[in-house]
Structure formats: structure tokens, C-alpha cells
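Subject: Structure handover

Hello,

Here is the structure you are taking over. Please open it beside this email and follow along.

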Amino acid sequence: MSATRRARVRALAKINLDLRVLSRRPDGYHELRTIFQTISLADRLEIGFTPGRKSSIELKDDAIPNNLVVRAAQAVMDTIRRAGRVEMRLSKRIPMGAGLGGGSSDAAAVLLALPVLAGGEVELGELCRLGRELGSDVPFFLLGGTAVGIGRGTELFPLPDAERREGVLAAPGVHVSTAEAYGLLSASLTTALQENKIVSFQSQAWEWGCRQPAANDFEPVVFGRHTVLARLKRRLQRGGAVSAMMTGSGSAVFGLYRTAEEAGRALASLRGGEMAGGKGFRFSLVSRARYRSMWRRALDGHIGANAWPLRSRYLR
Ligand code: C5P
């Protein structure tokens with residue numbers, strides 16, 4: 001009987017520092033220009049692999065139907081062709097339906113960790129392909145840091161690290177369906193706006209230093225439905241945020257501050273009726289270097305050569 005190889009990994013959340021939706025594509029998805037950023041808020045995933053003759057995948061204490069982590073594990077097992085038992089346990093901290101990419105990050109965590117534990121090798125391009133099939137935000141979490149996303153959001157280009165900021169997140173307990181938000185936004189998209197959006201996004205990507213006002217195209221439609229979100233954004237702005245915006249298709253709203261004191265005061269200001277049933281968080285921006293060293297630490301003892309994605313020491 002082989003020993004179980006175990007790891008505890010953190011699946012980080014993301015925010016969109018900028019998000020423009022250009023048009024609906026023939027495949028039904030929307031053409032995006034976005035800047036993704038990993039942040040320190042994270043889910044915890046415990047994952048174990050026991051080599052054996054039969055394969056099975058178990059997610060313990062699962063309260064989420066059709067959880068993406070199970071599909072991600074299946075995709076890895078089908079790709080690496082190693083038999084064994086996969087056991088996982090997920091502790092959710094990232095609010096769901098909030099535009100923070102929690103489910104996508106959990107799935108990406110399985111794509112990064114399971115090949116290492118199971119002794120398989122999957123190249124980055126292949127991992128990105130598996131990720132795309134699971135969801136538009138998954139490939140970003142295979143890279144981390146600050147990155148431009150275009151197309152469906154799955155074509156990624158690394159950016160230099162964003163300026164150091166102290167973040168505050170207001171997750172008011174409003175669940176926004178991504179598909180619904182795209183549907184609402186689609187009706188208001190016109191091709192005349194596109195040129196303008198591409199030019200302003202371009203300057204944003206070059207100068208992400210808060211000189212240009214960043215934008216999220218979902219705000220008008222989602223704020224129209226949930227007026228509480230606009231009020232929360234104003235509160236974060238009044239606290240001195242250099243940038244305050246909704247992330248993804250909502251509903252979480254974040255503010256970025258120059259100092260820890262400002263961020264602390266902004267978090268304290270989030271109490272009250274608008275936040276009833278919700279949660280406020282402090283976070284920091286996580287660079288690609290920090291993201292990767294976090295991953296190396298989490299899989300310490302199971303990795304061989306220093307490479308990205310991490311390479312297993314159990315390769316045969
Ligand atoms: O890819 P994912 O499953 O996360 O997308 C959820 C839904 O969001 C899609 O079914 C689609 O309606 C919408 N979407 C879109 N354009 C994108 C990403 C997502 O229309 N670029």
C-alpha cells in the first residue's frame with residue numbers, strides 16, 4: 001500500500017483592476033480587455049494522492065453542487081494517466097458570486113497541485129487548455145500576479161507588478177450571476193464605443209499607476225440593479241482610495257489605499273446597514289513572484305527541478 005502524498009495549498013482570489021467589455025462574439029462569449037491581479041484573500045485546499053490500481057476522486061464535506069475542483073481533478077487524471085485515489089477538502093473564505101474568481105482559483109489550484117502529487121507532467125499550454133474548459137478565469141490563476149487578459153479573458157500577457165497598495169474589499173452578500181450580468185450588459189454594447197475603449201484600456205495597461213481612471217463596464221448595469229453597491233463604492237472613495245471599483249461582474253467592491261492607516265479607516269467605515277449579511281476584508285496585492293514562491297512552499301517536498309508549472313519529484 002503506497003503512502004498518501006499530501007499538500008495544503010492556498011487558492012488566492014483576484015480582482016480586476018480594469019475591465020472593458022467590447023462585444024458579443026460568435027461563440028456567445030464576450031470580447032474583453034482586462035487587467036487581472038491576484039490578492040491575498042484565499043480559500044484553503046487540502047489535497048492528497050495515494051497511488052494505487054484504481055482511480056477515484058473524493059471532495060469531502062462538499063456543499064457546492066458540481067464543484068469545479070472535482071472536474072479539474074478529473075481533467076488532470078485523464079491527462080496524466082496515473083491511477084490512484086484523490087482526496088480533497090476545501091475551506092471557502094472567498095465570497096461566492098462576488099467577482100473574485102474563487103471557484104476558478106480552486107480549480108486552478110487542483111490543476112497546479114495534482115500533477116505534482118500524482119507524478120505526472122502537464123505543460124503550461126496544456127494546463128491552460130484544461131483551465132479554459134473549466135472557466136474563463138481559470139487560466140489566469142495558473143500564472144498569478146498582474147496580467148492583461150484579452151479575448152474571453154483566457155489570452156494572458158504578464159504585466160510588471162502593480163504599485164504596492166493596501167486593499168479593502170466590501171462583499172455585501174449580494175450574489176450576481178456572471179451570465180446574467182453579461183446578458184444585461186450586452187444589450188447596451190455598441191460598436192461605436194469600441195475604439196474609444198481600446199485606446200483608454202491601452203493607456204491603462206501601460207500606465208497602471210493610477211494616473212488614468214480605471215473602469216469596470218459592468219458597474220452601470222449591476223449598480224442599476226443593486227444600488228447598495230454604488231453606495232459602498234462611494235464610501236471607499238470617501239476614505240481616500242486611489243482607486244475604488246467593482247471587481248468582475250460583481251458584487252464585491254474594492255478600494256486601494258496608499259497607507260495601512262487609510263485602509264484600516266476605510267474598513268471600519270464599512271459597518272452598518274449596507275453591509276448587513278456581508279463581509280469586509282483587508283488584502284494586499286500578490287505579485288507573480290510571491291504567488292510562485294507561495295506555491296513552491298505549499299508543495300515543498302514533492303517538487304523536483306525549479307520550473308513553472310512546478311515539476312513533480314515522482315516523475316517516472
Ligand atoms: O467561462 P465562464 O464559465 O466563467 O463564464 C460564465 C458565463 O459568463 C458564460 O456562460 C458567459 O455567459 C459569460 N461570459 C461571457 N464572456 C466572457 C466570459 C464569460 O459572456 N468573456
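Is Arg89 buried, partly exposed or exposed? Arg89 is partly exposed, because its relative accessible area is 32% (buried means under 20% relative accessible area, exposed over 50%, and partly exposed in between, with a 1.4 Å probe and protein chains only).

Before the rest, a note on the source. This is a predicted model, in which local features need pLDDT of at least 70 and side-chain atom pairs count only at pLDDT 80 or more, while totals for chains, interfaces and linings use all residues. Residues are numbered from 1 along each chain as its sequence is written, and side-chain values use heavy atoms, with hydrogens and water left out.

Salt bridges

Arg89 forms a salt bridge with Asp61, and their closest N and O atoms are 3.0 Å apart (a salt bridge is a side-chain nitrogen of Lys or Arg within 4 Å of a carboxyl oxygen of Asp or Glu). This pair links distant parts of the chain: Arg89 is in strand E4 (residues 84-91), and Asp61 is in the loop between strand E3 (56-60) and helix H1 (68-80), 28 residues apart. Helices (H or I, at least four residues) and strands (E, at least two) are DSSP runs, numbered from the N terminus. Asp61 is exposed, with a relative accessible area of 63%.

A second salt bridge joins the side chains of Lys233 and Glu219, at 2.8 Å from N to O. Lys233 lies in helix H8 (residues 227-238) and Glu219 in helix H7 (residues 219-225), so this pair ties together parts that are 14 residues apart in sequence. Lys233 counts as buried, at 15% relative accessibility, and Glu219 also counts as buried, at 10%.

Helix H8 also holds Arg235. Arg235 forms a salt bridge with Glu274, with the closest N and O atoms 2.4 Å apart. Glu274 is in the loop between helix H9 (260-268) and strand E10 (279-284), 39 residues from Arg235. Arg235 counts as buried at 16% relative accessibility. Elsewhere, salt bridges that share partners join Arg25, Asp27, Glu31 and Arg33 into one network. A search of the whole structure finds 19 salt bridges.

Arg33 is in strand E2 and is buried, with a relative accessible area of 16%. A polar contact of 3.0 Å joins its side chain to that of Glu31. A polar contact is a pair of N or O atoms within 3.5 Å; within protein, one must be able to donate a hydrogen and the other to accept it, and residues adjacent in sequence count only if both atoms are side-chain atoms. Not counting residues up to four places away in sequence, Arg33 touches several residues, among them Asp18, Arg20 and Phe201 (contact means heavy atoms within 4.5 Å).

Thr38 also lies in strand E2. Thr38 is buried, with a relative accessible area of 0%. Its side chain reaches the backbone nitrogen of Gly145 at 2.8 Å. The C-alpha atoms of Thr38 and Leu12 are separated by 6.4 Å, although these residues are 26 apart along the chain.

Ser287 is in the loop between E10 and helix H10 (288-298). Ser287 is buried, with a relative accessible area of 18%. The side chain of Ser287 reaches the backbone nitrogen of Arg290 at 3.1 Å. Not counting residues up to four places away in sequence, Ser287 touches Gly145 and Asp161.

The two domains

The domain assignment gives domain 1 (5-159 + 288-298) and domain 2 (166-284); such bounds come from an automatic or database domain assignment. The contact takes 30 residues from domain 1 and 36 residues from domain 2. Taken over C-alpha atoms, the centres of domain 1 and domain 2 are separated by 23 Å.

How much area is buried between domain 1 and domain 2? The area is about 2600 Å², and carbon and sulfur atoms give 64% of it (buried area is the accessible area, with a 1.4 Å probe, that two parts lose on being put together, summed over both). In domain 1, Leu17, Arg20 and Leu22 lose the most area to domain 2, together 23% of what that side buries. Between the domains there are zero salt bridges, but 14 residue pairs are in polar contact, both residues being at pLDDT 80 or more.

Regards
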